Every structure is written in structure tokens, then in C-alpha cells.
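Here's a protein to get to know. Take a look at the model first, then read on.

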Amino acid sequence: MIAMQYSFTLPADYDMAIIDRRIHDKGPMLDNFPGLKFKAYLTARKGDARTGSRENLYSPFYVWDKDEGLSNFICGPGFAGVTESFGWPQVKTWVVWHTAISPDIRDARFAIREIVQMEPYAPLSEIRQRESDAAAGEVARGEALASVAAFEPAGWTQVRFRLLADLPKDVLGPSVQIYDVGHLSLSDAG
């Protein structure tokens, strides 16, 4: 599996209702997209006390079953439409160690993404096991509706991504971004 995210920083005075309408109108087009485990349509609003965002963001997050699905999307008309509207983004990708999804995933209202820099020569197998166990445990305990643990070896970062019904307290930090979920596109299995 591959996790993927791109982000558009929008002007401080941008009418985010435009993004909300876009998500509402176009979000269902990716429901059951071949190879897509899920896509979370994410936004953050500058000055929103719930998310602590310093910028207006549109930042969808994807989990793909295989690289073919990612490639078909990036090379297809949906992504071309996004780039025509907002520009050519940097697309971040991570190799997924573990994804856990609750049957109640459709109740997700918030997402938390944390990107952590890995230390040189870190014990990767131990980190993979710990992060995979944590992702599975969050969903099993009902703390998250979906949890993804992944890494990318080009810059040696790992990502922790969670979908939540409610925001826990004290989640802000320098490597944490909180989002509102506007829509979830799921596979037939999701």
C-alpha cells in the first residue's frame, strides 16, 4: 500500500466555502475508484481554534492498495482538473506499514496528520512493528476510525495519520496538522 498527500495553501482571505462546494460536488466521483482504499478530502481554516491552523489548506490524503491506482489517478482527468484549478502540487508519498480501518469510518469528521523525521540508522524493523501495533491498537480501542502508519526512505520521514469522530485534547504540536473531513471516498470494501 501507498499513502499519498498533496496540499494547496490558499490565501488568508480565500472563501473556503468554494472548497467545501468543490468537495461536495466532486468528492463522490472517487467513490469506488479502482485501487483506492480511501481518500479523505481535508481542509483547514486559518484561525480555526479547533485545528490551530495558521493557513487555509486543501490537503486530500489517500491510501492506495497498489501503485497502479495512484498512477492511474495522477495521470487521469481528476488530478488534471485539480492542477488546472490550483496549480502543480508536490505530491508526498509514503510506503504503508499498516492501515487499520473501523467499520464506522464514515463517521470521521476530523483528521490528524503527524510527520516525524527519523533518526539516521534508526532500528527500522522495531519502528515498523511499534508504529503498526499503535495504528492497529488505536482502531481496536475505538480511539480512531482509521489509522495509517507509513514511511518514506528518500527523506527518512514517517507519517501517522488518523481519522476521528471527535478531536482529542492536546494534539497540537510542531509536526501535527489537524483537518476537517469534508468527504470520504471509499472502496467497495470500505
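Below is a quick tour, from the overall build down to one residue.

This is a predicted model, where local features need pLDDT of at least 70, side-chain atom pairs count only at pLDDT 80 or more, and totals for chains, interfaces and linings use all residues. Numbering starts from 1 along each chain as its sequence is written, and side-chain values use heavy atoms, with hydrogens and water left out.

**Overall build**
- You'll find four helices and 10 strands in the protein; these are DSSP runs (helices: H or I, at least four residues; strands: E, at least two), numbered from the N terminus.
- From the N terminus on, the order is β-β-α-β-β-β-α-α-β-β-α-β-β-β.
- Along its principal axes, the C-alpha trace spans about 45 × 40 × 35 Å.
- Of the 190 residues, 47% are buried (under 20% relative accessible area, with a 1.4 Å probe and protein chains only).

**The cores**
- The largest nonpolar core has 24 residues; such a core is a set of buried Ala, Val, Leu, Ile, Met, Phe, Trp, Tyr and Cys residues joined through side-chain atoms within 4.5 Å.
- β3, β5, β6, β8, β9 and β10 each give two or more residues to this core.
- A second, separate core of 17 residues includes Tyr6, Met16, Tyr41 and Val82.

- Glu138 sits in helix α4 (residues 124-140) and is buried, with a relative accessible area of 16%.
- Not counting residues up to four places away in sequence, Glu138 touches Glu143, Ala144, Ser147 and Arg162 (contact means heavy atoms within 4.5 Å).

Note on methods. Buried means under 20% relative accessible area, exposed over 50%, partly exposed in between (1.4 Å probe, protein chains only).
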